[in-house]
Amino acid sequence: LTVVGITADQRTFGHVDVAYVPLRTWQEIHAGTVDGQPAAATAYEEATAVAVLARSGAVVDVGAADAAAGTTTRTREDAFGASPGYTAETTTLNLIQAFLYVISALLIGAFFTVWTINRRHELAVIRAMGATAGHLIRDTIGQAAVVLLAATAVGVGAGVGAGALLSGGAMPFALEARPVAASSALLVALGLLGAGAAAVRIARVDPITALGGSR
């Protein structure tokens, strides 16, 4: 086979580089035809997949098409799942991502718990001056929101900057605005939950007891 061109971006299947050839050539290779010998007639009737492109707005009777052609139609997502190792890899990566979110929530919650405990006496003074528990919770969550938003902005900026260096190289890497925004919002939400849990615990402390513990 003679190479007539190379795609601008990397094309892989199961982490292996792919080559585009005419269907007839693939059928001969798939049948194990030796160069110079004719292939069996049935070899040109085989195909592993057929892509169907419908016109915009057209209604396709998938069941009738499958019955007539003897095929099984799948969506693009199902086709990805049929790729060797795709489902296992994505499941593992999604599990790692979920654990990272849980770990982040625990770390952020622990940080704000320590931060709130260190401010216990100041909060007790505010309570003794007449502030309600709701006011303390809102004030603590508001301060935590400022810290979380600033830290998330710095983290996203660093991640996008590092991703820009990786994209365009040999490593397959891509950043999309929607996943980045969703992850950032989730981290902020988890952090606010952790800060809220710490604030509720401190807000329930008797101000007299808290002030007495400082002496």
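Student: What is Ser184 in contact with, leaving aside neighbours within four places in sequence?

Tutor: Ser184 is in contact with Thr152 and Val156, where contact means heavy atoms within 4.5 Å. This is a predicted model, in which local features need pLDDT of at least 70 and side-chain atom pairs count only at pLDDT 80 or more, while totals for chains, interfaces and linings use all residues. Residues are numbered from 1 along each chain as its sequence is written, and side-chain values use heavy atoms, with hydrogens and water left out.

Student: Why is Ser184 called buried?

Tutor: Buried means under 20% relative accessible area, exposed over 50%, and partly exposed in between (1.4 Å probe, protein chains only). Ser184 has a relative accessible area of 14%, so Ser184 is buried. Its place is in helix H7; helices (H or I, at least four residues) and strands (E, at least two) are DSSP runs, numbered from the N terminus.

Student: Why does Thr152 count as buried?

Tutor: Its relative accessibility is 18%, and therefore Thr152 counts as buried. Thr152 is found in helix H6 and touches Ser184 and Val188, not counting residues up to four places away in sequence.

Student: Why does Asp17 count as exposed?

Tutor: Asp17 has 54% relative accessibility, so it counts as exposed. Asp17 lies in strand S2 (residues 16-17). Residues up to four places away aside, Asp17 touches Gln10, Arg11 and Thr12.

Student: What makes up the largest nonpolar core?

Tutor: A nonpolar core is a set of buried Ala, Val, Leu, Ile, Met, Phe, Trp, Tyr and Cys residues joined through side-chain atoms within 4.5 Å. Here the largest has six residues: Ile108, Phe112, Ala144, Leu148, Val188 and Ala195. Two or more of these residues come from each of helix H4 (86-118), helix H6 (133-166) and helix H7 (177-203). Ile108 touches Leu148, Leu187 and Gly191, not counting residues up to four places away in sequence.

Student: How do you know that the span of H4 agrees with its 33 residues?

Tutor: The expected span of a helix is 1.5 Å times one less than its number of residues. For H4 that gives 48 Å, and the end C-alpha atoms are 48 Å apart, so the two agree. Buried residues in H4 are Tyr101, Ile108, Gly109, Phe112 and Thr116.
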